[in-house]
Amino acid sequence: MDQRIIYQNDEGGVAIITPCECGLTIEQIADKDVPTGKAYKIVDVADIPTDRQWRNEWTVDEADLTDGVGA
Amino acid sequence: MQYNSIHTGEDIDAGISKTQGVASNATANATDAQLRDRETHTGTQPLSSISGAAALASPTFTGTPAAPTAAAETNTTQIATTAYTRTAIPNVLNASGVAPMFACRAWINFNGTGGTVILANGNVSSIADHAVGDYTINFTIKMLEANYCITGSTQRGTSGGAGDFGVRNNSITRESVGVVTADGTGVLEDASTVSVAIFR
């Protein structure tokens with residue numbers, strides 16, 4: 001899949017979910033694998049930086065996480 | 001004195017009707033035994049009229065049906081009995097001896113550098129990348145309970161010593177497990193190959 005699911009983790013950083021080919025849609029994976037109550041957004045993989053030097057400092061504005069909430 | 005009965009026209013018509021369609025002299029030379037012998041019969045008989053018979057096509061057996069046990073390593077359409085499978089399954093898995101076997105319930109091989117790239121997996125729906133060297137593996141079908149065995153390894157992909165693989169504290173659930181990879185000194189780092197298997 002060429003998409004990723006992002007949500008804000010408990011430490012205020014960004015969690016990035018890479019979906020597997022498992023017979024589920026990315027929406028189904030988001031509902032299942034995003035922690036309960038966490039807002040998420042589905043983005044293109046190209047939107048995720050590849051330079052991970054400052055990976056632990058990445059943040060996301062929770063207001064941008066508008067595609068759903070973990071079930 | 002004996003009298004023969006007198007047949008009416010209706011009796012005669014009924015008799016003629018019964019014999020219509022029967023070939024001339026069809027049974028003229030047959031003995032009673034031959035007429036009763038099923039092997040001399042022609043035509044077909046509905047299966048439903050035979051007590052206890054099963055169809056050749058897609059039969060549903062009842063009771064405890066049995067079959068000859070196939071020779072070891074048979075690989076045909078022959079029926080496999082329980083006796084055959086008890087030996088065939090360990091043989092196919094090259095599992096000699098009588099020690100029990102336990103199954104891998106989920107596994108994954110991924111590259112954690114430059115963004116997570118899943119190389120191959122079984123029963124994994126996704127990986128959550130939380131930070132450098134910090135991941136959650138989510139199972140497609142959850143485990144029966146959380147006391148499963150987690151085994152894993154890393155390949156650092158950089159020069160230096162061997163990498164570390166560990167399980168994040170309080171991260172083992174039926175639905176997922178958190179794993180961490182480090183540089184051999186306890187500092188988390190992304191590894192170029194992370195392999196994880198779950199046994200239960």
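B:Ile108 stands opposite B:Asn121 in β2(B). Strands here are DSSP E runs of at least two residues, helices are H or I runs of at least four, and both are numbered from the N terminus. This is a predicted model: local features need pLDDT of at least 70, side-chain atom pairs count only at pLDDT 80 or more, and totals for chains, interfaces and linings use all residues. For bookkeeping, residues are numbered from 1 along each chain as its sequence is written, chains are lettered from A and ligands numbered from 1 in the order in which they are written, and side-chain values use heavy atoms, without hydrogens and water.

Back to the strands. β1(B), residues 104-111, and β2(B), residues 117-122, pair antiparallel over 5 bridges. Pairing takes at least two DSSP bridges between two strands. The hairpin has 5 residues between these strands, and B:Gly114 there takes a positive phi near 70°. B:Ile108 has another partner, B:Val196 in β8(B). That strand, residues 193-199, runs antiparallel to β1(B), with 6 bridges.

Now the whole of chain B. It has 3 helices and 8 strands.

Next, the interface. Together they bury about 1,500 Å², 45% of it on carbon and sulfur atoms. Buried area is the accessible area, with a 1.4 Å probe, lost when two parts are put together, summed over both. On chain A's side, A:Thr18, A:Cys20 and A:Arg52 supply 39% of the area that chain A buries against chain B, more than any other three residues.

The rule finds 3 salt bridges across the interface. The cut-off is a Lys or Arg side-chain nitrogen within 4 Å of an Asp or Glu carboxyl oxygen. One of them joins A:Arg55 and B:Asp129, at 3.1 Å, N to O.

A:Pro19 stands opposite B:Ser126 in β3(B).
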